[in-house]
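Work through the exercises below with the model open. Each task is followed by its solution.

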Amino acid sequence: MQADIDQYLTILSVERRLSTHTVSAYRRDIKKLVAYAGTRGVLLWQGLTPHEARLFAADLNAKGLSAKSIQRVVSGCRTLCNYLVSAGRLKANPFDDVRAPKAGKRLPKTLSVDQITTLVELDVNDPLSYRDKAVMELFYSSGLRLAELCDLDIRDIDMGSLMLRVTGKGNKTRDLPMGRKAHEALQQWLMQRATLPIKDHDAVFLSQLGKRIAPRTIQQRVKYWAQRRGIDIAVSPHMLRHSFASHMLESSGDLRAVQELLGHANISTTQIYTHLDFQHLAEVYDKAHPRAKLKTK
């Protein structure tokens, strides 16, 4: 059983070229199935019937997993079983007819333009503050994912043309423009970067010790600056990416362009921002139109 799982995860990593984070997520989800089988005395793979697969999904729900998490686990197990069928380890996929509960659509939280301005226009006086300013400017300027920003190398940035190349999900690369403010902040950071004890010469963003910065560090620093700048919500790097997408769509109305900038493989993923745009328009209408709301007595 473990050999089958290891082989499957290797295929995901090597042949499908999924990221380390994605493969780790698949591994965690498969462990849930293995743990469930152990508690039920189910022999994998022979004892994994459609009935047991449905009971597994029900067990996840009983343990309080969200609908979205259950959907992810069931999808991962279904993909694993497809591999086992092709490898001759299963006759049929027991997860084919298993349906996870539907997850309600949650609109991503965004910052207003004024909040973004408050966040990024911080006073810089040491290398770390210069770095943090450049990080936040770049998130909002180019809509990067957290992993994409952490993985940026010096060779990926063309300061002359104000472009950068990032490697996104599935090891797909895309070229992105950066705004003037982000360019200026990045220039200032690169000068400050030279004063650190550099251990990773390729990485754009470094820790205080000169190593490539960790995702957790960036998350903590964005949250720290938001609190210090008086923004009373939990700000994350992903919220800056969402804000970039929402503000771009509000200004341009070009969904395809936003899709390309974000690196979404499917435009349905990008369409969530059309809901945000409509929400913004509805709020403006309610506030501005003289007959938008009924008068209260």
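**Exercise 1.** Leaving aside its neighbours within four places in sequence, which residues is His264 in contact with?

*Solution.* This is a predicted model: local features need pLDDT of at least 70, side-chain atom pairs count only at pLDDT 80 or more, and totals for chains, interfaces and linings use all residues. Residues are numbered from 1 along each chain as its sequence is written, and side-chain values use heavy atoms, with hydrogens and water left out.

Step 1: take contact as heavy atoms within 4.5 Å. With those neighbours left aside, His264 touches Arg145, Arg241, Gln259, Thr269, Thr270 and Tyr273.

Step 2: His264 lies in the loop between helix H11 (255-262) and helix H12 (267-270); helices are DSSP runs of H or I with at least four residues.

Step 3: the side chains of His264 and Thr270 form a polar contact of 2.8 Å (a pair of N or O atoms within 3.5 Å, one able to donate a hydrogen and the other to accept it).

**Exercise 2.** State whether His264 is buried or exposed.

*Solution.* The relative accessible area of His264 is 14%. Buried means under 20%, exposed over 50%, partly exposed in between, with a 1.4 Å probe and protein chains only. His264 is therefore buried.

**Exercise 3.** Describe how H2 and H4 pack.

*Solution.* Step 1: helix H2 (residues 20-40) and helix H4 (residues 67-86) pack at about 90 degrees, their axes 9 Å apart. Axes are lines fitted to C-alpha atoms over the stretch in contact, and angles run from 0 to 180 degrees between N-to-C directions.

Step 1: H2 and H4 are therefore roughly perpendicular (65 to 115 degrees).

Step 2: Tyr26, Asp29, Ile30, Lys32 and Leu33 in H2 meet Arg72, Val73, Gly76, Cys77 and Leu80 in H4.

Methods: Helices (H or I, at least four residues) and strands (E, at least two) are DSSP runs, numbered from the N terminus. Angles under 35 degrees count as roughly parallel, over 145 as roughly antiparallel, 65 to 115 as roughly perpendicular and the rest as oblique.
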